[in-house]
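Reader: Hello! I am new to reading structures, and I would like a close look at one part of this one. Could you take me through the place where the chains meet, step by step?

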Number of protein chains: 2
Amino acid sequence: MRIGELARRTGVPVPTIKYYTREGLLPPGERTSPNQVSYADSHVRRLKLIRAMLEVGGMSVATVGEVLAQVDAPKRTVHGMLGIAQSAVSRTAVERGTAEDLERAERDAAVLVGRHGWAVKPENPGWAALVQLIVTYRDLDRDDLLALLDEYAAAAGRLAEAELATVARVPTVDGKVEGVVLGTVLGDAAMSALRRIAQEDASSRLAGPTTHSA
Amino acid sequence: MRIGELARRTGVPVPTIKYYTREGLLPPGERTSPNQVSYADSHVRRLKLIRAMLEVGGMSVATVGEVLAQVDAPKRTVHGMLGIAQSAVSRTAVERGTAEDLERAERDAAVLVGRHGWAVKPENPGWAALVQLIVTYRDLDRDDLLALLDEYAAAAGRLAEAELATVARVPTVDGKVEGVVLGTVLGDAAMSALRRIAQEDASSRLAGPTTHSA
């Protein structure tokens, strides 16, 4: 198809398609004559994936480029892809707390992770974030919120099993790799969205009808 | 205490404390003599709360200011505070899809929410995000990932009950309001962190030891 049809089918304007191509996010089309370039269905799919990462995942163009370079790498593995996608969507945790606070929080994080039977590498971006959260809850003397981490962990464990089982059922490596990227990028957004809805419902039941609109 | 001790106790530098005061995030200290201002324990706590929202929650100074104005409002309610905190941490969803896509996704979202017995207002930021996610999964033909939304919803429902029960146990309104803000801001970060860890564990078990380091 011509670039105009690619734009129509994806809703991405032609100048934006050219920009993504220049930035290396989208492979160039095939030049079929001196002034004609042809695009395939794979370009449609790639553009949809780019938009999902940018718009729903809130990632930068540079980060999307880094993830897609790995998606296209010949030596990619599904497990390796997970680490790359996780790092891409994770904000770097700001380091807070004294050395003593951090050590204590790391011990607590290790106990929590161990209680759920997980093996985790220290470079997992979730690990640093978890340690910083424990420091923060402690700093604010909110042991009650700290205790909720076990509930979050139980939920995260069940979800990870369901997510990985879903990826395992995809027959192609391409589909698995895309599933890991989307599951990581969109899964966080899905969980946040549903938490907001469930919290509003639980809170309005707790508040009762008289203060519901307050 | 003097501003120097406030800085020492919170780890926030003096110029930053002055900046937060100018921006209205931190109430000014009490002027006890022409060139001396005194700060209370409430300033220590407020500074810790500000840092948690900025650093762990990734919020802007302006957004933190808006949330704190509501925290300090005389007519605040715990349920109202939840809506404000939710809006503050939610990115605005980019609208995608045709009118038809959106209508279909809204119907699906309503069915999902109904299946979990939730009442939700259309202005809940989770609602727009959920509709956009459904449009995105459909656009990418990933019905397998769409099916996971029920698992996320079940987890979100259980967590909301646990979170609201924790807030309900706090004896003071100040403590409840702070709990709602922190639960919303830090809860998302906690869930993301633990998901990364649980996913790595589930993925490495699936990948098996030979490809574990790939």
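Author: Happy to! Let us begin with one pair of side chains: Arg195(B) and Asp188(A) meet in a salt bridge, with 3.1 Å from N to O. Please keep in mind that this is a predicted model. Arg195(B) sits in helix 10 of chain B and Asp188(A) in helix 10 (residues 173-207) of chain A, so this pair joins two chains. Both Arg195(B) and Asp188(A) are buried.

Now look for another pair that involves these helices. The side chains of Arg196(A) and Asp188(B) meet in a salt bridge at 2.7 Å, N to O. This pair also crosses between chains, running from helix 10 of chain A, where Arg196(A) lies, to helix 10 of chain B, where Asp188(B) lies. How accessible are these two residues? Arg196(A) has a relative accessible area of 3%, and Asp188(B) has one of 13%. The cut-off for buried is under 20%, so Arg196(A) counts as buried, and so does Asp188(B).

Let us step back to the whole interface. Across the contact between chain B and chain A there are 12 salt bridges. One of the cross-chain pairs is Glu161(B) with Arg205(A), whose closest N and O atoms are 2.7 Å apart. Between the two chains, 36 residue pairs are in polar contact. On the chain B side, several helices each supply at least two residues, among them helix 3 (41-56), helix 7 (125-139) and helix 9 (149-169). Helix 10 of chain B gives the most to that side, with 28 residues. By type, the residues on the chain B side divide into 44 nonpolar, 25 polar and 22 charged.

How many residues take part in the contact? Chain A brings 91 residues and chain B brings 91 residues. The area buried between them is about 8,200 Å², and carbon and sulfur atoms give 63% of it.

Lys48(A) belongs to helix 3 (residues 41-56) of chain A. Its relative accessible area is 16%, so Lys48(A) is buried. Apart from neighbours within four places in sequence, Lys48(A) is in contact with Asp139(B) and Leu140(B).

What about the nonpolar side chains? In soluble globular proteins, nonpolar side chains tend to be buried together. The largest nonpolar core here has 128 residues, and those with the most contacts inside it are Leu130(A), Leu149(A), Leu130(B) and Leu149(B). Helix 10 of chain B gives the most to this core, with 14 residues. Pick out Leu130(B): beyond four places in sequence, the residues it touches include Ala193(A), Leu194(A) and Ile197(A) from chain A, and Leu112(B) and Leu149(B) from chain B.

For contrast, here is a salt bridge inside one chain. Asp108(B) pairs with Arg138(B), their closest N and O atoms being 2.7 Å apart. This pair links distant parts of the chain, with Asp108(B) in helix 6 and Arg138(B) in helix 7 of chain B, 30 residues apart. Asp108(B) is partly exposed, at 28% relative accessible area, and Arg138(B) is partly exposed too, at 23%. Over all chains, a search of the whole structure finds 32 salt bridges.

Key
Residues numbered from 1 in each chain as written. Chains lettered and ligands numbered in written order. Predicted model: local features only at pLDDT ≥ 70, side-chain atom pairs only at ≥ 80, totals over all residues. Heavy atoms only, no water. Contact = heavy atoms within 4.5 Å. Buried area = accessible area lost by both parts, 1.4 Å probe. Salt bridge = Lys/Arg side-chain N within 4 Å of Asp/Glu carboxyl O. Polar contact = N/O pair within 3.5 Å; in protein donor to acceptor, adjacent residues only side chain to side chain. Helix = DSSP H or I, 4+ residues; strand = E, 2+ residues; numbered from the N terminus. Nonpolar A, V, L, I, M, F, W, Y, C, P; charged D, E, K, R; others polar. Buried < 20%, exposed > 50% of the residue type's maximum accessible area, 1.4 Å probe, protein only. Core = buried A, V, L, I, M, F, W, Y, C linked by side-chain atoms within 4.5 Å.
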